[in-house]
Amino acid sequence: MNAFVCAPNGARIRTRTRSKNNRTGVVRFAVSAVVRTDWKPSSWREKATVDAGVPLTEVSRLPPLVYSGEVDRLKSKLADVQTGKAFLLKAGDREEDFTITQGENTEATFRLLVAQVIMLAYVSGVPIVKVNHIGGDFENIGPLNVSSDEEVLRVTKSYYQSSSALNLLRALAKSPTSMMDWTDPISTVDGETHKDLIGRVEDALRFVQAAGLNVFNEDFREPEFYVSHELFLLPYEEALTRSVDGQWYGSSTHMYWMTRGSQELDEAHIEYLRGVENPVSIRVDTETSEASLVEIIKTLNPSNEPGKVVLTCSFGSSKIWGKLPKMIRAVTEAGMNVVWVCDPMRENTIPTENGCLTCPVELIWSEVFN
């Protein structure tokens, strides 16, 4: 994924330092630090179009999967992406499966991301903000309403499976060996194509070590990875919503993402998202209208906080020029602070005879370069 920069509108930012949830002092963007009196974690139930089901009392007693300080740090880093001071890499599986051997899959995904991060950092010269689609995208988790004991058990299972995946991800990120053998995933796929670049990156790493800096030291690299998943099962998200310093946080993930089907202003999903501090990634495609997109952004981010809204654009290589410029113009003229992201995979897929979806490299490059 590639991040595209949209100039901010010059909104003033007030900051303060948090300490309780963070290992180190972190600056928090407090533009939207307005206590909401018209919202609570269950407000979405008033706009649900189906039976909302019963509250997940047992899940609400479980510890958060992510912490508010981590969410604040991600927003501050996304604000840097918006101003060109950092680069956003979003990657991972669209869906997760209870049957997959989770440890092996999570570690393989992590090591591939490490390789991508090292190469992107070398080429771009800026920090890479890493967001992994993991820990919550269970396709068959169940319907919107959770009423039967069987569905409650499945939701609880997803919590524990997400917890174990996040624990492994954090352990890998802090491991002194996480950067070792980083070339293996790339060499396995297409080593010859990237042989020259890999050589230059390794030369740079050797130079840094020769200068007396240990590239495997935690102080040298940024060990933190962030996670995201689709906002789907609202009773689950409600149960894992936590209040910190008068603000509400979804504690199941760092960042939510929305598909086109959840983008109606009277949708229960938007009602939930407007009340939490987590950043939101909104899918933008050929079916998205400029006017509705601006209204959604204003609803989710009324204080126009930098780093709160990410627009993930999926148009397809043949349609991007007919739609993207209009979107950029509408959002810019409205003065909205957003991060523009290109997703060149979703709309460039071609099914094979056996039903597998493939993405030709030439189409991916075409959408990125356009």
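This is a predicted model: local features need pLDDT of at least 70, side-chain atom pairs count only at pLDDT 80 or more; totals for chains, interfaces and linings use all residues.
View 1. Leaving aside residues up to four places away in sequence, Ser281 touches Lys90, Met255, Tyr256, Trp257, Met258, Val310 and Thr312. One of these neighbours, Thr312, also makes a polar contact with Ser281, side chain to side chain, at 2.7 Å. Ser281 belongs to strand 10, which covers residues 280-284. With a relative accessible area of 2%, Ser281 is buried.

View 2. The largest nonpolar core has 36 residues, and Val59, Phe110, Phe225 and Tyr236 touch the most other members. At least two residues of this core come from each of strand 4 (87-92), helix 3 (102-124), helix 4 (149-174), helix 6 (195-210) and helix 7 (234-239). Helix 4 supplies the largest share, 7 residues. Another core lies apart from it and holds 31 residues, including Trp44, Val280, Val309 and Met327. In soluble globular proteins, nonpolar side chains tend to be buried together.

**View 3. Helix 4.** The 26 residues of helix 4 reach 38 Å from the first C-alpha to the last, close to the 38 Å expected at 1.5 Å a residue. Buried residues of helix 4 include Glu151, Val155, Ser158, Tyr159 and Gln161. Further along helix 4, Leu166, Leu169, Leu172 and Ala173 are among the buried residues.

View 4. Helix 2 runs over residues 68-82 and has 15 residues. From first to last C-alpha, helix 2 reaches 21 Å, close to the expected 21 Å. Helix 2 is mostly covered, with 13 of its 15 residues buried.

View 5. Helix 10 (residues 320-333) has 14 residues, which should span 20 Å at 1.5 Å a residue; the end C-alpha atoms are 20 Å apart, so the two values agree. Ile320, Lys323, Leu324, Met327, Ala330 and Val331 are buried in helix 10. These residues lie on the same side of helix 10 because they cover an arc of only 135° around the axis. Trp321 and Glu333 are exposed, on the face of helix 10 turned away from its buried side. Just after helix 10, Gly335 has a positive phi of about 70°.

**View 6. Cys313 and Cys342.** The whole structure contains 0 disulfides. For Cys313, the closest cysteine sulfur is that of Cys342, at 7.5 Å, which is too far for a bond. A disulfide would need the sulfur atoms within 2.5 Å. Cys313 is buried, with a relative accessible area of 5%. Cys342 is also buried, with a relative accessible area of 5%.

**View 7. Two loop residues with positive phi.** Asp245 is a residue other than glycine, and its phi is positive, near 55°. Asp245 sits in the loop between strand 7 (241-244) and strand 8 (247-250). At 54% relative accessibility, Asp245 counts as exposed, because the cut-off for exposed is over 50%. Asn304 is not a glycine either, and has a positive phi of about 60°. The loop that holds Asn304 runs between helix 9 (290-300) and strand 11 (309-313). Asn304 is buried, with a relative accessible area of 9%.

How values were computed: Residues are numbered from 1 along each chain as its sequence is written. Side-chain values use heavy atoms; hydrogens and water are left out. Helices (H or I, at least four residues) and strands (E, at least two) are DSSP runs, numbered from the N terminus. Buried means under 20% relative accessible area, exposed over 50%, partly exposed in between (1.4 Å probe, protein chains only). A polar contact is a pair of N or O atoms within 3.5 Å; within protein, one must be able to donate a hydrogen and the other to accept it, and residues adjacent in sequence count only if both atoms are side-chain atoms. Contact means heavy atoms within 4.5 Å. The expected span of a helix is 1.5 Å times one less than its number of residues. A nonpolar core is a set of buried Ala, Val, Leu, Ile, Met, Phe, Trp, Tyr and Cys residues joined through side-chain atoms within 4.5 Å. The arc is that of the directions from the helix axis to the C-beta atoms.
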